[in-house]
Protein chains: 2
Amino acid sequence: MPTENSTEQPRQIVIVGGVAGGASAATRARRMNERAEIILLEKDPDVSFANCGLPYHIGEEIPDRGDLLVATPEFLRQRFRLDVRTNHEVIAIDRSLKRVQVRKTDTEREGETLWIDYDKLILAPGASPIHPNLPGCDAPNVLTLRNLVDTDRIKAYVDQANVQRVIVVGAGYIGLEMVEQLVRREKQTTLVELQPHVLPLLDAEMTQPIAAELQRQGVDLHLGVGIQGVETSAGRATGVTLSNGETLAADLVVLGIGVRPNVDLAVAANLPVGATGGIEVNDQMQTHDPDIYAVGDAVEYVFGPTGQRQRIALAGPANRAGRLAGQHAATDQAAAMAPVQGSSVVRVFEISAAMTGLTEKLADRLGVAVRSVTIVAKHHAGYFPGAQAMTLKLTYDPESGRVLGAQAVGGAGVDKRIDVIATAMHFQASVRQLAELDLCYAPPFGSAKDPVHMAAFAACNQLDGVEQFQRFDSDLSSFQVVDVRTPGEISRVPLHDAPHAIAIPVDQLRDRIGELDADRPTVVSCAVGIRGHLASRILKQHGFQVANLSGGATLRNRLANID
Amino acid sequence: MPTENSTEQPRQIVIVGGVAGGASAATRARRMNERAEIILLEKDPDVSFANCGLPYHIGEEIPDRGDLLVATPEFLRQRFRLDVRTNHEVIAIDRSLKRVQVRKTDTEREGETLWIDYDKLILAPGASPIHPNLPGCDAPNVLTLRNLVDTDRIKAYVDQANVQRVIVVGAGYIGLEMVEQLVRREKQTTLVELQPHVLPLLDAEMTQPIAAELQRQGVDLHLGVGIQGVETSAGRATGVTLSNGETLAADLVVLGIGVRPNVDLAVAANLPVGATGGIEVNDQMQTHDPDIYAVGDAVEYVFGPTGQRQRIALAGPANRAGRLAGQHAATDQAAAMAPVQGSSVVRVFEISAAMTGLTEKLADRLGVAVRSVTIVAKHHAGYFPGAQAMTLKLTYDPESGRVLGAQAVGGAGVDKRIDVIATAMHFQASVRQLAELDLCYAPPFGSAKDPVHMAAFAACNQLDGVEQFQRFDSDLSSFQVVDVRTPGEISRVPLHDAPHAIAIPVDQLRDRIGELDADRPTVVSCAVGIRGHLASRILKQHGFQVANLSGGATLRNRLANID
């Protein structure tokens, strides 16, 4: 005997797409409204699976395929009384009659169509991998990875002993995860990326440790080259031709070159799409039609650092948006979807990279003025065994000091630092506030001065004019360069492209200051920037116009591998 | 040729105490002012050491004692031009003449005194371990741990093969770290704690997994008992007598029963001490005398959740306060010290516990009204191998929903969640905002719905009246209890102290609702609370007055071990 609570009125909610927020919407709708009819339509055979886990099953790090099935149709029916219909593709929305046209895609009933009414419609169409229309790309062993069918297809090749040479095209998250898992399966793995560095979303210098790790693991890297086509023999791909004319042999080609949001259904129903190609929604995830919601990789979210809407194809926002849309569709009320920072992380063998918010690269493209600092620090107390280095780059507004983004690369703990900074960004934190955070510390976990603090201290010093930084990749030829490391360090790791650097260990700088020309613009450098900080303070207080080379020799010497 | 920058004027800065913020103050002062005379006075032979690392050297997880010496006097002299004077104990402050009286404590010159002038004085006296005045406690093998001398003393005993039985008194952070390291050294280890559970700072149920882990590692636990005295023979401790009359044999006794702030010097100089026994300071870390700063374990900080000043004996705030005081003493300007959340973490063998802000226990003591939710979740995607369970408790203001504290216990990743929540608390976040955070996710690192989100969702549901929670330790005898787990789960792990529970699996609840009495106050329970959430929603919408047992059987069954 249901109560007459107004938020639990009977209604028919139709959800299109199980992954990318659809299942979240459906289960939240059910929990909020037992009296609703909830129909979940999915064009594929699987309705809700661990799409972020697919590469790991191919690599057998997740050995059991069943583990990928987060929620089977049967489970969703029993637990949530959802009317789950797989192999049901929605092909049209009739907004005036509030109904969707569905085509069955299973083999027995393929092509049958029917109409299903809705009171509230939630679109979670996701995005589809781009499969370019280049010669040979239609060969059966040239594959993309989006769902379980794709996973099975790729894994069937990988499982064959005679499939030895695999080319992965695209060094984004999926490409890197595939490469890691292919090496795990002992394949000869080649990675091709059109951009000049891996992880094109990140700033170049932050990705160099990932590239180095890939090479250490035996991956054949081809950066800054696209593919012109796929070589075939007897209808099967045998290799790839690069834009530089080179040909690479392959038994299997996996494409991870990006996704295209599935907006056709929305567009055909005259639901507007925004400037970045995603479905336009409001903070309740409603499209321009208030009875139609959209969530996931096909929509535009408010991007925290800019306040502008853009597509952000990540599982976290899709889940949260789905949950809110499901609640709103079921009860007519829900919290507003909050701005999204774009936080993400990827593991690549022994190291990881994570980011949130704006990179310098993206800021440039959007015309947003930013400043950055980069530090190199240990993930926990240096005196405790097992401390691993991380590089942390903080990007902020040069006027207000508001934190606009962060990138981290290194061993353990990069995810923690990015989560902390993303959390601070949710509250529009300034770098000054980041320096104040009270983070938990014990030697196995962190340092009393955490890498987050160190980055924030550097940014505050820069903001206050206490310290100036010189970009790691500057042309140093016109500067007086002072390398304040010890002679031993300098001879082991000379400062890249600065043969004119004057070597004065920081501990001798005060006594040997007379050897320097106080009238020349000066750059100091050490290993990572800490001694450089002190040296820059000493020289500044002696009247020098001085900057500290950001990240010291560690960061600058990545140039040797980036260029 | 120094510039005439007003912030870099010559002055004499005297710092009392190298650890607990003193060295941070000194090095920041130097970096901000090359023209200052900076004198660092330390009564011990070591000026700056890794005090959080001491137990790990005793256990030889940090094998090299030299690794504990973060900054030697020689290093500080060379790099920062600090006038470091070890074995110099400050015994009086003459505020009118702005000088301190110093007594030398090294053996050759013991008792010699001198006066040192200051323009600015920074006190970093820290705190001293409590060594109770009980019979036998003065035996040479009854020891506390604060500095390197103590470390060497304890380690010398531990290194002896015939020292086999060690009793640690006090199950706080240091006590637990000592126990872990003693087990590592294969000692027969006993832990005695006056409070009824380990980690007395935390709420009882959160500490039970730590107690279980200690027992799994063979530690002999005695909770809820104090020590009456130490048994001695020939002047050496041979055991401990407990308040319950029991006697335990020991070759070594280590006391970790708390610390006392070293405020005598300040008190003697008429610098006021606050209600919690720490030196009163303002946001610039100035005492009531603006030329005298105080930082570290002996002062009172603003505690974020209450806005009240209290002592918070942690390394992170000490470092930050030292840095700010050092800058202010050197330049007359610095940022204000921000409120401190009291974030901390401890590793105990395979598991860890971390906390920030208010516990329920502390809220009770301070008379602050709070509500809590507790969830049990995996530290990363459940389908990815190696997922470890954590229990996360969130405490918030029942009116505004403002987050006031969090506690986590479990395997990997508890530090990350507490840091994220501590960061949100820095911005006075509500549980609603916690639910919105955009955290980075990939299967090896987290879940699209992170434990932080899960806890925040539960709190939002509670705040919105969507779901009511029943305390894990409630007397359930008067309730209609519905256990919605499967029969197999229930027979393996019956719900503690609820023999009258009615077993209806959640998937059958809608069909079997007629078996329940809709007029009786009802509590539902599952394994951790997730199915209970759905069950409570179903029953609520069918007119039941229903609550979900917080943390399900997992949390409630800890009662069996807590009571």
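Reader: Which residues is Ala408(A) in contact with, leaving aside its neighbours within four places in sequence?

Author: This is a predicted model. In it, Ala408(A) is in contact with Ala354(A), Met390(A), Thr391(A), Leu392(A), Val414(A), Arg417(A) and Ile418(A).

Reader: Where does Ala408(A) sit?

Author: Ala408(A) lies in strand β25 of chain A, residues 403-410.

Reader: Why is Ala408(A) called buried?

Author: The cut-off is 20 or more other C-beta atoms within 10 Å. Ala408(A) has 29 of them within 10 Å, so Ala408(A) is buried.

Reader: How far is Ala408(A) from Leu202(A), in sequence and in space?

Author: In sequence they are 206 residues apart. In space their C-alpha atoms are 9.5 Å apart.

Reader: What makes Leu76(A) buried?

Author: Apply the cut-off of 20 again. Leu76(A) has 23 other C-beta atoms within 10 Å, so Leu76(A) counts as buried. Leu76(A) belongs to helix α3 of chain A, residues 73-80.

Reader: Which residues does Leu76(A) touch, not counting those up to four places away in sequence?

Author: Leu76(A) touches Leu40(A), Val47(A), Ala71(A), Leu82(A) and Val84(A).

Reader: And how far apart are Leu76(A) and Asn141(A)?

Author: They are 65 residues apart in sequence. From C-alpha to C-alpha, the distance is 34 Å.

Reader: How do you know what span to expect of helix α8 of chain A?

Author: Helix α8(A) covers residues 315-331, which is 17 residues. The expected span is 1.5 Å times one less than the number of residues. For α8(A) the expected value is 24 Å. From its first C-alpha to its last, α8(A) reaches 24 Å, close to that value.

Reader: Why is α8(A) described as mostly covered?

Author: Count its buried residues: 17 of 17.

Reader: What follows α8(A)?

Author: Asp332(A) does, with a positive phi near 65 degrees.

Reader: How does helix α5 of chain B compare with its expected span?

Author: Helix α5(B) runs over residues 173-184, 12 residues in length. Its reach is 17 Å, close to the expected 16 Å.

Reader: What makes α5(B) mostly covered?

Author: In α5(B), 10 of the 12 residues are buried. Among them are Tyr173(B), Leu176(B), Met178(B) and Leu182(B). Just after the helix, Glu186(B) takes a positive phi of about 65 degrees.

Reader: What makes β13 and β15 of chain A edge strands?

Author: Start with the sheet. It is open and has 3 strands in the order β13-β14-β15 (chain A), paired antiparallel. β13 (227-233) and β15 (247-249) each pair on one side only. From one strand to the next, the twist averages 30 degrees.

Reader: How do you know that β14 and β15 of chain A pair?

Author: Two strands pair if there are at least two bridges between them. Strand β14(A), residues 236-242, is joined to β15(A) by 3 bridges. So the pair passes the test of at least two bridges. Val240(A) stands opposite Leu248(A) in β15(A).

Reader: How many bridges pair β4 and β5 of chain B?

Author: There are 6, and the sense is antiparallel. β4(B) spans residues 88-94, and β5(B) spans residues 99-104.

Reader: Which sense, parallel or antiparallel, do β26 and β30 of chain B take?

Author: Strands β26(B), residues 469-470, and β30(B), residues 546-549, pair in the parallel sense over 2 bridges. Gln470(B) has Leu549(B) as its bridge partner. β29(B), residues 522-525, also runs parallel to β30(B), joined by 3 bridges. There Val524(B) partners Asn548(B).

Reader: Why speak of a two-fold axis for chains A and B?

Author: Chain B is laid on chain A by a turn of 180 degrees and a shift of 0.0 Å along the axis, with an RMSD of 0.0 Å. That is the relation of a two-fold axis. The same surface serves both copies, as 100% of the contact residues of chain B recur in chain A.

Reader: How many residues does the contact take from each chain?

Author: It takes 72 from chain B and 72 from chain A. On the side of chain B that touches chain A, α10(B) gives the most, with 9 residues. By class, that side has 38 nonpolar, 16 polar and 18 charged residues.

Methods. Residues numbered from 1 in each chain as written. Chains lettered and ligands numbered in written order. Predicted model: local features only at pLDDT ≥ 70, side-chain atom pairs only at ≥ 80, totals over all residues. Least-squares fit on C-alpha atoms with pLDDT ≥ 70 in both. Contact = placed C-beta atoms within 7 Å. Helix = DSSP H or I, 4+ residues; strand = E, 2+ residues; numbered from the N terminus. Nonpolar A, V, L, I, M, F, W, Y, C, P; charged D, E, K, R; others polar. Axes fitted to C-alpha atoms, helices over the stretch in contact; angles between N-to-C directions.
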